[in-house]
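I opened my notebook to look at how two chains meet and how one of them folds. My notes follow the order in which I looked things up.

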Amino acid sequence: MAWLRYRGIVKWIVYSLVFLAFLLLQTGVLARVRVWGVSPNILPTVVAVVAMSEGRTAGAVYGFFIGLWCDAVIPPVPAVHAVLFLLLGAGIGHVTEKLFRKNFLTGFLCSLVALAAFDVVFFVVLYLIPGRAALHNLVLVAAPEIALTALCVPAVYVSLRAVARRFGNELTGETS
Amino acid sequence: MRFLLKHKGLLAAAAAVLLAFVLAVVSSLTGGYASPVSNLLGTVFQPLQSGIAGLSDSIASLYGYMYEHDALKEENERLKIQIAEMEAAARLSEASNDENERLRQLLGLSERRRDFVFESATITERDASNWASTLTLSRGSANGIAPGQCVISEAGYLVGVINEAGTTWSTVTTLIDTDMEAGAFVFRTGLSAVVEGNFDLMRQGFLRMSYLAKDVDVKNGDVVLTSGIGGKYPRDIVVGRVTNLYVDETGISAYAVIRPSVELEELKQVFVIKSFDISE
């Protein structure tokens with residue numbers, strides 16, 4: 001079983017490096033791409049695909065730690081990405097474990113649901129409740145953001161699923 | 001508690017949420033300085049971000065050169081005319097300055113001075129979120145940058161205020177963000193008001209000047225500057241120009257939409273005012 005543990009560590013290191021690459025892409029390149037007044041946001045997609053591939057516990061832990069990174073480099077509010085990505089990872093992992101096959105359609109839909117859920121909670125807690133914005137702003141920002149991000153989901157999905165297939169599940173030894 | 005111990009996943013999730021909450025509290029208690037975790041992660045990430053930002057800027061410049069050449073040429077001609085007009089105005093105001101100086105001496109008033117201490121910084125990240133208008137800079141507390149300091153462009157236009165400072169990086173809340181608020185005045189009339197960010201206007205790149213009377217004397221094109229009230233922003237920093245005047249939601253007062261003088265999308269370098277001393 002020792003070799004399985006070693007493979008698991010390498011897998012999570014690779015997942016982390018892939019996430020860092022996507023974070024650089026998000027903050028350095030995609031943030032400059034403005035269509036309909038918004039930029040795509042691929043970070044919830046990363047959480048969704050990993051949670052779908054690895055399950056709820058791993059998805060929650062991965063979501064939490066990449067959320068800490070996002071909170072450090074994406075202003076303005078600390079801790080919000082860590083908590084939301086943890087919940088998204090746990091929720092998507094739990095649902096896909098029980099109900100859905102692990103394929104592109106599931107990954108695609110989970111990505112969009114993850115982004116929508118993230119936007120709704122983020123907006124309601126930080127903008128709607130404190131009175132900094134009105135409800136119609138949620139639709140004006142979230143709808144085009146989800147549409148734009150949908151175009152980026154295939155590239156994110158292929159990259160992360162390649163990692164999952166290459167290293168498989170370290171506990172069972174099966175490849176997903 | 002027994003329930004949590006039985007369900008280890010829930011226990012781990014609760015611990016993670018608690019940790020995140022503690023980090024958020026630490027961050028708020030540090031008065032705008034980054035928490036240790038954020039500072040470490042941001043410091044590690046910042047060199048990579050600078051590299052990507054440089055590459056993106058190069059590609060954007062190349063794109064601009066290839067596809068916007070005619071527009072740039074036209075803008076160049078327009079700016080030459082504008083410079084000539086401003087030089088003429090400057091020559092006229094020089095005479096007024098001389099007279100002002102003579103009158104100050106006559107009345108025994110001390111010389112008006114503006115002493116600023118600047119720190120220059122490059123922008124490594126812009127608008128990382130669709131919900132806020134922020135910039136990340138390549139300098140931090142190691143260079144004397146602190147939360148609450150004013151940030152201006154090379155031309156002296158208001159960019160925003162330092163929101164959070166790490167060791168080697170800092171983030172700026174720009175003047176169009178919903179968290180932005182500053183005392184201001186209209187240069188032509190001296191009318192005092194407050195400029196603040198608004199979510200709808202932020203997405204269009206504007207901000208608003210609020211608390212105006214319905215019959216206020218404000219015209220399109222009026223220049224708006226900071227008033228210095230509150231002490232956060234030095235006085236006489238150019239904010240922007242009025243584009244339109246509207247009656248607000250209450251129907252009792254009015255507000256003006258301001259186009260910022262700074263071009264946030266084109267900014268590459270900014271100056272942080274670390275300290276200022278204005279003597280009148």
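**Entry 1: polar contacts**

How many residue pairs are in polar contact between chain A and chain B? I looked it up and wrote down 9 residue pairs, with both residues at pLDDT 80 or more. I note here that the model is predicted.

**Entry 2: the area of the contact**

The size of an interface is often given as the accessible area lost when the parts come together. I looked up that value for this pair. Chain A and chain B bury about 3400 Å² between them. Of this area, 65% is on carbon and sulfur atoms.

**Entry 3: salt bridges**

Side chains of opposite charge can pair when their charged atoms come close. I searched for such pairs. The rule finds 1 salt bridge across the interface of chain A and chain B. There, the side chains of A:Arg132 and B:Asp179 meet at 3.3 Å, N to O.

Over all chains, the search finds 11 salt bridges. One that I looked up joins the side chains of A:Arg56 and A:Glu97, at 3.9 Å, N to O. This pair links distant parts of the chain. A:Arg56 lies in helix 3 of chain A and A:Glu97 in helix 4 of chain A, 41 residues apart.

**Entry 4: the barrel in chain B**

I turned to the strands of chain B. In what order do the 6 strands of the closed barrel run? I wrote down 6-7-8-11-10-9, with antiparallel pairing. The twist averages 40° from one strand to the next.

I then followed some of the pairs. Strand 8 (residues 207–213) of chain B runs antiparallel to strand 11 (residues 253–260) of chain B, and 5 bridges join them. B:Leu207 has B:Ile258 in strand 11 of chain B as its bridge partner.

Strand 10 and strand 11 of chain B pair over 7 bridges, again antiparallel. B:Gly240 stands opposite B:Pro260 in strand 11. These two strands form a hairpin, with 5 residues between them. In the turn, B:Gly251 has a positive phi of about 80°.

Last, I checked strand 9 (residues 223–226) of chain B. Strand 9 pairs with strand 10 (residues 238–247) of chain B over 3 bridges, in the antiparallel sense. Here B:Val223 has B:Arg241 in strand 10 as its bridge partner.

Definitions and conventions. Residues numbered from 1 in each chain as written. Chains lettered and ligands numbered in written order. Predicted model: local features only at pLDDT ≥ 70, side-chain atom pairs only at ≥ 80, totals over all residues. Heavy atoms only, no water. Buried area = accessible area lost by both parts, 1.4 Å probe. Salt bridge = Lys/Arg side-chain N within 4 Å of Asp/Glu carboxyl O. Polar contact = N/O pair within 3.5 Å; in protein donor to acceptor, adjacent residues only side chain to side chain. Pairing = 2+ DSSP bridges. Helix = DSSP H or I, 4+ residues; strand = E, 2+ residues; numbered from the N terminus. Axes fitted to C-alpha atoms, helices over the stretch in contact; angles between N-to-C directions.
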